[in-house]
Amino acid sequence: MNSFRLSVLASSLISAVAVAETPTLGNPAISAVLDGYYQSGDRALGGREEGFGLGESELAISANIDDLFYGKLTAVIEVHDGETELELEEAFIQTLAMPAGLSVRAGRFLSDVGYLNNQHLHTDAFAGRPAVYRAFLGGHYFDDGLRLSWVAPTDLYWTFGVEALKGDNMRAEDEHGEREFDTVGVYNAFTKLGGDIGDNSSWQLGLAYMKNQNGRLTPHEEGEEPHEEDEPAHDHSHSAAYTGENTYVADFVYKWAPNGNYKYQHLTLSGEFFRVNDFKAPELNEEEHEEEEGHEHSHGKDYHQGWYLSGVYQFSPNWSAGLRYGELDTQLAHDDHFDAQKLKETEVSLNWHHSHFSTVRLQYTRQQGTNFDGISDDNLFTLQYVMTLGAHGAHQF
């Protein structure tokens, strides 16, 4: 079994269990993450706000319940508009001893769609998630539901999984509160494949498909412009700002480290592409088809999409630098048609790591928005600290 497979198995299946000593009910692993910052302006789509603030500070407890089950609880504390908010991000159990590489997770957990989403925010190399995540997943998507995953008995690492989720944060807007939503709204299927390239490099590719039963706009919303005052609250609640019935995600990551030792020097290249299809109600699509035949005005595209590319280089044990660029193309309802929106973001970060448990980050962000309400071309500077207290599990690959 190659080194990549061993490392990914350790992180993806038992990362939360792999602490200094295996936690048990009598000796659970307890940890906290402190995230504070100063930022020179507001970030688009529910990102960090201008001025001093607290990011997602976490308090987590986890343990092996017995030889068959593991459990974890993670609470997140944030400050927004001067109000302190407490939210439950994780509260799940997971099987430990199912046969044939199978595993079941139940409760509230981070969905395994995409590359970044199943990782906690404090592990990121930048001060916030890419625009595609803030637009389509509310920053990071956690939900109540059930996951079944399988790791294949192959030389290459290969895993496949399916999820059924409640989907409240992935619902299309229901301005008048008249719509009946499906109680199980999101179904997700994903697969990841990876391996080693010699002794220094490893890679992983991922594909995901999300079926959102509640993702299409309701008929009465078409042609209505969202209220300006509703947008910030919608973004901050971790709800997706743009939804659709079918979402397709492709991701990749490549890592390099001399002799596979990541402690002193390493390079990580990653990227993801999202396409969110079929956000219009069927009635509007029928109208568009008739108008196209009659050469009348088009209502616009029936999809949103976005992508990013990222590179992070740790050039010494205590310093790393990152560069990320991403674009977002969305459609905004306006009167009887949809206006095209575009957001471009360039981010440069410099990170000082005194240890594995402490990071101080300086980041520059250039955001350029077209047809986004209240967003203009802007240069932002962010100074952030991320500190971890207590037991700290292994990070995802």
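**View 1. Accessible surface of the protein chain in the predicted model.** The accessible surface comes to about 18300 Å² (Shrake-Rupley method, 1.4 Å probe), and 58% of this area belongs to carbon and sulfur atoms. Of the 397 residues, 48% count as buried (under 20% relative accessible area; over 50% is exposed and in between is partly exposed). This is a predicted model, in which local features need pLDDT of at least 70 and side-chain atom pairs count only at pLDDT 80 or more, while totals for chains, interfaces and linings use all residues. Residues are numbered from 1 along each chain as its sequence is written, and side-chain values use heavy atoms, without hydrogens and water.

View 2. Strands are DSSP runs of E with at least two residues, numbered from the N terminus, and two strands pair if DSSP finds at least two bridges between them. Nine bridges join β6 (residues 102-110) to the antiparallel β7 (residues 142-151). Seven bridges join β7 to β8 (residues 157-165), also antiparallel. Leu148 in β7 stands opposite Val104 and opposite Val162 in β8.

**View 3. The aromatic pair of Tyr38 and Phe52.** The structure holds ten aromatic pairs (ring centres of Phe, Tyr or the six-membered ring of Trp within 6.5 Å; planes under 30 degrees apart are stacked, over 60 edge-to-face, the rest tilted). Tyr38 and Phe52 form a tilted pair, 4.9 Å centre to centre with 55 degrees between the planes. Tyr38 lies in β1 and Phe52 in β2, so the pair ties together parts 14 residues apart in sequence. Tyr38 is partly exposed at 38% relative accessibility, whereas Phe52 is exposed at 74%.

Note on methods
Buried < 20%, exposed > 50% of the residue type's maximum accessible area, 1.4 Å probe, protein only. Helix = DSSP H or I, 4+ residues; strand = E, 2+ residues; numbered from the N terminus.
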